[in-house]
Amino acid sequence: MPRIPLIDDDIQYAWSRDGFVSLGIVLDTIEVIDTRACLDELGTRHPPTNHGVIINNVWKQHRDLAALVTAEAMWRSAATLLGKNRVRLFQDNLVWKHPGSARIEWHQDYSYQPLDSPNGLTLWLCLDHSSPRSGCLHYIPGTHKLGERVATDFFAGTGQPMRKDLPPLDWRSRLGEVKPMAAQPGELLAHHPFVWHMSPVNDSTRHRRAISVNWVSEQVRWNPSQAPHPFNYELGLADGDPIDDRDFPVFSVG
């Protein structure tokens, strides 16, 4: 199981300043290898797309991955960074960029969550050496402070709402500020739902596997008009509905 990272004042400061931070290595080499083996089992059922293999909610599909995603190290890290005693698991995503997998465009995570508040974060667990060449995450520091922007259609046909009340995500004007976040296998990154981020083409011969886990405050409720998410259709959601504890478990620090 992943080790609980020490979130000290320096990490808290970087998190507040930049909207993203590394929490260090939380899985050892054997744990990384075992997790990759679990992903191999799932990956064979999902042929890669242009962007690689993308699987939602692996925690519901594999017992060992469920134990990893819901481990104390994960929810406690989320609770600490959010300053909450209780946090809810919203969803996870396996993003497996095979060699040659396409660029994932600049975006904010909140654009794709049918929720009434961006009160949450993403924990991104690296499972391969992740470098600029293999498609590591790239961030623009401090953009989480700029608020919500128009959603990006980084997959063709997703039909994101083009809201006229939101300014564009004008990443081209800030390319000089971009910070690539190379990461080691077993390293855990965290980022804010509003921070601007992307990953380039995997231009290497290596695979780049990672599991991202979205955590939200217990108080967050559904807002189906925020995003055309599959949950809207699977769960029959209404605006303001509470989130079901059974399918979206809550974890408590105390």
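1. Basis of the note. The model is predicted: local features need pLDDT of at least 70, side-chain atom pairs count only at pLDDT 80 or more, and totals for chains, interfaces and linings use all residues. Residues are numbered from 1 along each chain as its sequence is written, and side-chain values use heavy atoms, with hydrogens and water left out.

2. The largest core. A nonpolar core is a set of buried Ala, Val, Leu, Ile, Met, Phe, Trp, Tyr and Cys residues joined through side-chain atoms within 4.5 Å; buried means under 20% relative accessible area, exposed over 50%, and partly exposed in between (1.4 Å probe, protein chains only). The largest such core has 41 residues, of which Leu-23, Leu-65, Leu-121, Leu-123, Ile-211 and Trp-215 touch the most other members. Helix α4 (residues 72-82) contributes the most to this core, with six residues. Helices (H or I, at least four residues) and strands (E, at least two) are DSSP runs, numbered from the N terminus.

3. Leaving aside residues up to four places away in sequence, the contacts of Trp-215 include Met-74, Trp-75, Ala-78, Leu-121 and Phe-251; contact means heavy atoms within 4.5 Å.

4. Helix α4. Eight of the eleven residues of α4 are buried, including Met-74, Trp-75 and Ala-78. After α4 comes Gly-83, with a positive phi near 70°.

5. Helix α2. This helix (residues 29-43) has 15 residues and reaches 21 Å from its first C-alpha to its last, close to the 21 Å expected at 1.5 Å a residue; the expected span is 1.5 Å times one less than the number of residues. Its buried residues are Glu-31, Val-32, Thr-35, Cys-38, Leu-39, Leu-42 and Gly-43. They cover an arc of only 140° around the axis, which puts them on the same side of α2; the arc is that of the directions from the helix axis to the C-beta atoms. The face turned away from this buried side carries the exposed Thr-29 and Ile-30. Among the elements covering the buried residues of α2 are β2 (53-56) and α3 (63-69).

6. The sheet. Four strands form an open antiparallel sheet in the order β4-β9-β6-β7, where two strands pair if DSSP finds at least two bridges between them. The edge strands β4 (104-107) and β7 (179-181) each have a single partner strand, so one side of each is left without a neighbour in the sheet. In the antiparallel pairing of β4 with β9 (residues 196-199), over two bridges, His-107 stands opposite His-197.
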